[in-house]
Amino acid sequence: MLGPLGIVRWAFRPLDKLLFASAAIVGTAMTTPRILYNVSTLSSARALSQLEIWRACAASPLGAYAFAGFVNFAAPYSGSVRPILTKMNAIEAEGYIVEQPWLTNPFNSVHAVALTNLGEFVSGIIVTSQLEQMSLTQANITARGIVTSLGSTYHKKARGTITAKCTPPPLPTTEGKHAYKVWFTVKSAIIYSSNSRYLGCFLPGYVCVYLANEYGCLQVLTELYDAQGVHVATTEAQWHILIKNTAVKQA
């Protein structure tokens, strides 16, 4: 249960929220000049992409809190567990949450749904960033994706600081619709791949390619670890991804 310390932390929750909001505001003020500079030197779309905004935040004092504030604004539910991104580049992302009384279950550990939220946040931020970069860097290509299923397996009680790391496999590059599975864990990522065989059908302007496990589904395993390095959970997401060539005229 909560115990005396937990009760005290609950009592100070409004102050905790105030301190977090203050750090996010100060971090945003410090990050904004970098973002504006990027807008003046890069295209607006690229300067305001997730990856470039993160790079601006990462290079600024309290920038991680500024980015967390953006997450709270864009995805309030994900922001409810207060995930802090610590790393993102073109191929991987990493973040963490800290055990708080309002994130615990009756067994005095981090709630299962909070762990799933962390895994979904870290994997989602890197997959959507990669889709965004694909659209920005490849002419006449737009790439979109949406999570269609989400699940977790829990191995141990999670306490303290929980860290998540996701290194997804290469995104599909062929035009059409794709099923794309991502297994996120934390701290270490293991990539499984096999020779992909495509089972496709053709529609006007599209090549619909469906990847299933028996045809070499792209997979990445990411695991959740607590502060002691104990593997506490594994989370899996199924993505449907649409890659469209805008230069192709519809029939």
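I looked up W54 and F67 and found both buried (under 20% relative accessible area, with exposed over 50% and partly exposed in between, for a 1.4 Å probe and protein chains only). I note that this is a predicted model, in which local features need pLDDT of at least 70 and side-chain atom pairs count only at pLDDT 80 or more, while totals for chains, interfaces and linings use all residues. Residues are numbered from 1 along each chain as its sequence is written, and side-chain values use heavy atoms, with hydrogens and water left out.

**Aromatic pairs**

I searched the whole structure and found 2 aromatic pairs (rings of Phe, Tyr and Trp, the last by its six-membered ring, with centres within 6.5 Å; planes under 30 degrees apart are stacked, over 60 edge-to-face, the rest tilted). The ring centres of F20 and Y65 are 6.0 Å apart with planes at 70 degrees, so I recorded this pair as edge-to-face. F20 belongs to helix α2 and Y65 to helix α5, 45 residues apart (helices are DSSP runs of H or I with at least four residues, strands runs of E with at least two, numbered from the N terminus). F20 is buried at 12% relative accessibility, whereas Y65 is partly exposed at 29%. For W54 and F67 I found centres 5.4 Å apart and planes at 80 degrees, so this pair is edge-to-face. W54 lies in helix α4 and F67 in helix α5, so the pair ties together parts 13 residues apart in sequence.

I also noted the charged end of R82 over the ring of F20, 4.3 Å from its centre (CZ of Arg or NZ of Lys within 6 Å of the ring centre and within 35 degrees of the ring normal).

**Nonpolar core**

I found 41 residues in the largest nonpolar core (buried Ala, Val, Leu, Ile, Met, Phe, Trp, Tyr and Cys joined through side-chain atoms within 4.5 Å). F67 and L85 are among those with the most contacts inside this core. Helix α7 gives the largest share, 10 residues. Beyond its neighbours within four places in sequence, L85 is in contact with residues including W54, F67 and F121 (heavy atoms within 4.5 Å).

**Helix α2**

I checked the bend of α2 and found about 35 degrees at T31, with a proline, P33, following within four residues (the angle between axes fitted to the seven residues ending there and the seven starting there). The buried residues of α2 include F20, T31 and N38.

**Backbone**

I found a positive phi of about 60 degrees at L62, which is not a glycine. L62 is in the loop between α4 and α5.
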